[in-house]
Structures are given as structure tokens and as C-alpha cells.
Amino acid sequence: MLAWHSAKTVRSICRILPGAMLWLAWLPLSLSQTREAGSPKFHIDSQRLQRTLEKLSEFGKNPEGGVTRLGFSETELAAREYVTGVMKQAGLQVRVDPAGNIFGLRPGSEKLPILLFGSHIDSVLHGGNFDGDLGSLGAIEVIHTLNDLSVKTRHPLEVVIWTNEEGNHFGLTTLGSGVAAGQLGPEILDRKDDQGLTLADWLRRYSQDPAHLTDARIPPGSLAAFLELHIEQGPNLEENKIPIGVVQGIVGLKRWMCVASGFANHAGTTPMNRRKDALAAASKDVLAVRDVVRAEPGRQVGTVGFVKVEPGAVNVIPGRAQFPVELRNLDTEVIDRMWRRIQEKFTAIDKEENVETSCTPLDDAEPASADPAVKSAIYAAAKSLGLATMDLPSGAVQDAQKMAKIAPMGMIFVPSHDGISHSPKEFTSWPDAANGVEVLYRAILVLDDRLNHQ
Ligand SMILES: [Zn+2]
């Protein structure tokens, strides 16, 4: 029995998954065949996963590959119908909340808070086929697998498909989870899109009553945990040949808008030593941001995304240059320290270039830490499969960030080829995708077993 595991591994699996019910979940695996170490057979059906993902990729398919499936669009609406159908096939009790989030419930055997897991199916413009989609259909695959193996859980399990995670429509990222976590409310309903339609209009198109938006809030204490499987969207796992990333937290970010003010003057007649060139100063500022961020050890990042120059003529010295500064890190103190150094550099550059630069805060998102118990369930799940793990931050905004406000949160990452995401070239190999879903399946069972004992 379990020939592919050493006796020690079997003992550790028993520790991870005690209880007759859970042991039954492993039985079909152990009886069906003998496996080589390092190539354990999965409980999940990787072909079913691939089929559903490929079918989902038809909705909003682009000629160059990938999809455009914005949140609140006819394309996404059709995709939601497809996914809802798959959820129903998996026996889930499906409901949609007033923010448009889709939930599918599988009852548990005890009266316990819900174990929630899932992701999103909206994309950016010209996005890929894995961002959000893998975590969404992977979550439904977990339910299919539990059904196939007749596994009962103590906790009720719920799959969620969050609305408008990317926020390309209405400029609100993680909209659905933000409402569910109580961080967004009716103030967002009047936002208009390019066609002049409000968010309230779109919610009505999604068969929801915007007047009841706040009913989408998840009451505190009703979730045992939230778990999300996602592609890394960065190069670390692939570069290090590690199949599973254990997210330590989702980075916080701060953004400022800066304006360098000089003096617009004749490009032919103003001597070089009398110039107040706002663009020359801003150019040094851009490099100063990069230098400060690079000077710290760690995974922090800093970006100047654009520079708007005025008046913007070939024969006029730029009088005004506007640019944003964005800093991201798991630790807000590091962000604040980098920002102080950047400001010192800006002041020195102002003196050199004879301009004045001022910056005002634009945006601010708190970092969110993954919960130790959820992380430990992911480590245990990966270990039981013989898969190596790597600790990582999520540099991208995630629904899990919002969920961390109301529930213990964790995320599983799988490799992104070449670290590319939000692109038709976004790719995760099928074996890597299947690894992630199997780890999700096992982590859910570990959490079900470990959490909420009297
Ligand atoms: Zn995503």
C-alpha cells in the first residue's frame, strides 16, 4: 500500500489527514496503482481541468491568443453562464450576491464557518488564459474531485468567482471582493463607464438590484479561511524550478503624483546655464527612484509609469513635467523609508536643475499577510505530493488582499512561463496547473481537518 511513499511519508500524511473520512479520500489512490516517488498520481482530474479551462478561453478569445473579457461586459456575462453551469454540474448550490460575485456551496457535516476558495474570470484588455481562470476552474475541479471520491468535509465548502478583479471597467480593482469585505459600498454605484453606463446599470444587467449592494458584505466570523490558487505572474518559480509558491503576503503600495515646475522658454535663444528644464529634472528623478529602490536588499519595486511634458514642442524648453511614483513592498516601513530618500534626492535635483518639484499622495493600499495556519496547510499539502515550495510575496493586487480583512487568508502560486502575465503570451504548463489544483485540493482537506476544533 502506498508504495510510492516511504514509511515516514505515510506517517506524516496520516498526521496531516487523520480521520476515517479523510483516509477514505486517499484510498482510491493507494489501491489503484503503485507509483514512483516524485510522480504521484493526482486525485484531481487534470484532463477535466484542461477541458474546462480551454472551453472558458473561448469566451472573449482574441486572434493573437488570450482573451479580452472585461468585468461587466456581454463577453464576461456569457462566460459566467458557462462557469455557473460547471458549478451546477459539480453539485454546488449556486447563488449570485448583489455585487455579482458567484458563490457555489457544498454543505459540510458540522455547523462550522465556511471554507471559501476561488478566484476571478474577468481579464484585462488582451489578457491571457490563466490569470484568475486557473484558480476559478481549479476550485470547481476540487469540488468535482471530492464528489468523485465521496469525501465529506466537516466545514461547508464554498467556491467563489469574484466580480471585476482586474477593474479595467470602472477603474475599481477587486471590486467584488472589496464589496464583500465591506471596503466598497453604494458610493461606487454612480461611476460611469466610457459608454455612459453606471455600475448600477451593469449590476441590473447582471440581474442584481444595486439598492441591495451592501447585502453582499460577508458577516465577520462566517469564514473559516479564504484560499486562492493563482499564477505567479512573475519569474521567480520558473527561474528557480520550484513548482509551488507559498504566498507570504500581498504587497502594499503607495502612489504619488509629482510635478516638476520649471520655465518654458525659447529652445534656440535661452543659454544652457539659464534654463529651468522640467523634463531634464524629471529624467533625473526617474533614475533617482530606480536607484533608491535598487539600493535596498529585498523584493521591493518602484516605478515611474509615465511622464507628461508641457508644452511638448520641439523648439520649447519643457516648463512642466508630471509623473507618478509607485512603490510596492510587503512592509510599509520600507516603502516610507524609500520615499523619504527619494524626496531627499528630488530636493537635490531641484537645486541642480533650478526647478521645483512637489508630490501629492494618490493612492495607498495596505499590505496583507497570509495566515500562518493557511500557509502551513499549503506546505503540508505540497510536501505530501513531494513538491518543493518557495516563499513569495504577491506583487500584484489580489482579491485575497481584501479577504485578509475578514478571514485568515492564503494563496498558492504556480509558475508563469517567462514571468509573463496580462498578455496573450501568459502561459502555465498543464502539469504545473494540475500541481496547483492538487495542492489546493489537499490544502482544503488539511484546513478542514485542522480548523475549528472545540
Ligand atoms: Zn488575477
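Trainee: Buried means under 20% relative accessible area, exposed over 50%, and partly exposed in between (1.4 Å probe, protein chains only). By that rule, is Glu296 buried or exposed?

Mentor: Glu296 counts as buried, at 10% relative accessibility. Please keep in mind that this is a predicted model, in which local features need pLDDT of at least 70 and side-chain atom pairs count only at pLDDT 80 or more, while totals for chains, interfaces and linings use all residues. Residues are numbered from 1 along each chain as its sequence is written, and side-chain values use heavy atoms, with hydrogens and water left out.

Trainee: Understood. Which side chain meets Glu296 in a salt bridge?

Mentor: The partner of Glu296 is Arg337, at 2.9 Å from N to O. Glu296 sits in the loop between α9 and β8 (301-303), whereas Arg337 belongs to helix α10, so this pair ties together parts that are 41 residues apart in sequence. Helices (H or I, at least four residues) and strands (E, at least two) are DSSP runs, numbered from the N terminus.

Trainee: What counts as a salt bridge here, and how many does the structure hold?

Mentor: A salt bridge needs a side-chain nitrogen of Lys or Arg within 4 Å of a carboxyl oxygen of Asp or Glu. The structure holds 17 of them.

Trainee: What does Lys284 pair with?

Mentor: Lys284 forms a salt bridge with Glu353, and the closest N and O atoms of the two are 2.8 Å apart. Helix α9 (residues 278-295) carries Lys284 and helix α10 (residues 332-353) carries Glu353, so parts that are 69 residues apart in sequence are tied together by the pair.

Trainee: What are the relative accessible areas of Lys284 and Glu353?

Mentor: For Lys284 the value is 33%, which makes this residue partly exposed. For Glu353 the value is 17%, and Glu353 is therefore buried.

Trainee: Let us move to helix α13. How many residues apart in that helix are Glu438 and Arg442?

Mentor: Glu438 and Arg442 are four residues apart in helix α13 (residues 430-450), so about one helical turn separates them. Their side chains meet in a salt bridge, 2.8 Å from N to O. Glu438 is buried at 0% relative accessibility, and Arg442 is buried with a relative accessible area of 2%.

Trainee: Which residues do salt bridges that share partners join into one network?

Mentor: Arg48, Glu141 and Asp148 are joined in that way.

Trainee: A change of topic: where is Glu166 found?

Mentor: Glu166 is found in the loop that runs between β4 (157-162) and α6 (175-180).

Trainee: Then which residues does Glu166 touch?

Mentor: Leaving out residues up to four places away in sequence, Glu166 touches His120, Asp122, Ser123, Val124, Asp131, Thr173 and His422. Contact here means heavy atoms within 4.5 Å.
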